[in-house]
Amino acid sequence: MPPRNHSERTELSPSADEAIEGIDRKQYQRDIVWRNVFIMGLIHLGAVYSFLFVTWKCHWLTLVWAVLLYFLNGIGITAGAHRLWAHRSYKARFPLRVFLAACNCLAFQNSIYEWARDHRVHHKYSETDADPHNAKRGFFFSHIGWLLVRKHPDVVSKGSRLKVDDLLADPVVRFQKKHYAILMPVLCFILPSLIPILWNESLWNAYFVAAILRYCVALNCTWMVNSVAHFWGTRPYDKYINPAQNRLVATLSIGEGWHNYHHTFPSDYKAGEFGWKINMTTIFIDTMYMLGQAYDCNETKQQLIDARKLRTGVAS
Ligand code: ST9
Ligand code: ZN
Ligand code: ZN
């Protein structure tokens, strides 16, 4: 089901908040960032080229390497930027935080600080103009379009009210932010392309499969949480919001597609109600817990989940 209240987006008259801040929606103009359009276009063309002409002729170990990188790339976002830093749904010891920050560089979705700040704004002002990827502006905007235009002024004005000092209090987050311009290209593109030389893979094949194709697929599977899981699926916990339970998205995003649950109980470290089922990220965090690297994992009480389900009924 598409987002409700589709007509209630930028055409609305200014709210009290906006009147105070002097933001007039009628004056809001989409400002396309052509550099981003060009880069995203190239990445997607490169991924199509890689899928059609390189994957079938590269070494099988290169494919295994790309799948492993996809998982690490995913963990850097799901267990790292999302569940640890944006939501503080569990705590992690220093070695795990360093590992997650490295995986986060491999994912190249901006620094942990920027990612977590935008994500907190997404939850607090979900599906309003202050939401960086407001799904009420359409599927394309919530998927990739929001990265191709300047942010709506509400994202900045309302976002600046949220607390983010806890993020900068973490030396790992500060270090990653400061050295992102070097760490990101090394971990996302250079090392993934160089390692396959160990099994006599060509640099060309390795670059297109383990860097470009893997990165592009991981980006789209992440964006599907903002687009697909805000449009389609069931809504058992809160039928008045658009975020939905989507099994396909949960599979591709290693456990982040239980989005109706997650928007209802955002501080639950499992980000879903089914434990390890279609939730590789929860398996990862639980393994880290067993190794003493993760602790204080915050879980929603089953009673509360059941009560919520009974109250709203199952809606789709
Ligand atoms: C990418 C991110 O892909 C994907 C995030 C997805 C989120 C998914 C959520 C679902 C969770 C589940 C995860 C599943 C994972 C599955 C994995 C499976 C493998 N609050 O941004 P700027 C202020 S990135 C407060 O430049 P513009 C602030 O002062 C892809 N203030 O705005 C800031 O300065 P600073 C690769 C805020 O100029 C200033 O405004 N990266 C906030 O409008 C300027 O900020 C790209 O493609 C806020 N929220 O530009 C780069 N925001 O930062 C794309 C801003 O110094 N980005 N301020 O404090 C850009 O080029 C630009 O950001 C822009 C907007 C053009 C989009
Ligand atoms: Zn969401
Ligand atoms: Zn979240």
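1. Start with the pocket. Ligand 1 takes up the space of the largest pocket. Keep in mind that this is a predicted model.

2. Who stands around the ligand? There are 36 residues around ligand 1. Those that come nearest are Asn-36, Arg-117, Asp-118, Lys-151 and Trp-223.

3. Now the polar contacts. An oxygen atom of ligand 1 lies 2.7 Å from a polar backbone atom of Lys-151. An oxygen atom of the ligand is also 2.9 Å from an N or O atom in the side chain of Trp-223. On the nitrogen side, a ligand atom sits 3.1 Å from an N or O atom in the side chain of Asn-110. Lys-151 and Trp-223 also belong to the group of residues that come nearest.

4. How much of ligand 1 does the protein bury? Taken alone, the ligand exposes 1400 Å², and the protein buries 80% of that.

5. Turn to the aromatic rings. The whole structure contains 17 aromatic pairs. One of them joins Trp-204 and Phe-208. A ring pair is described by two values, the distance of the centres and the angle of the planes. For Trp-204 and Phe-208 these are 4.9 Å centre to centre and 55° between the planes, and the pair is tilted.

6. Why are Trp-204 and Phe-208 separated by about one helical turn? Both lie in helix α11, and they are four residues apart, so about one turn separates them.

Methods. Residues numbered from 1 in each chain as written. Chains lettered and ligands numbered in written order. Predicted model: local features only at pLDDT ≥ 70, side-chain atom pairs only at ≥ 80, totals over all residues. Heavy atoms only, no water. Near = heavy atom within 4 Å. Polar contact = N/O pair within 3.5 Å; in protein donor to acceptor, adjacent residues only side chain to side chain. Areas by Shrake-Rupley, 256 points an atom, 1.4 Å probe, with all protein chains shown as cover. 1 Å grid on protein atoms, 1.4 Å probe; cavity = no way out; pocket = protein on both sides within 12 Å on 5 of 7 lines; lining within 4 Å. Sits in = over half its atoms within 2 Å of the grid points. Phe/Tyr/Trp six-rings, centres within 6.5 Å; stacked < 30°, edge-to-face > 60°. Helix = DSSP H or I, 4+ residues; strand = E, 2+ residues; numbered from the N terminus.
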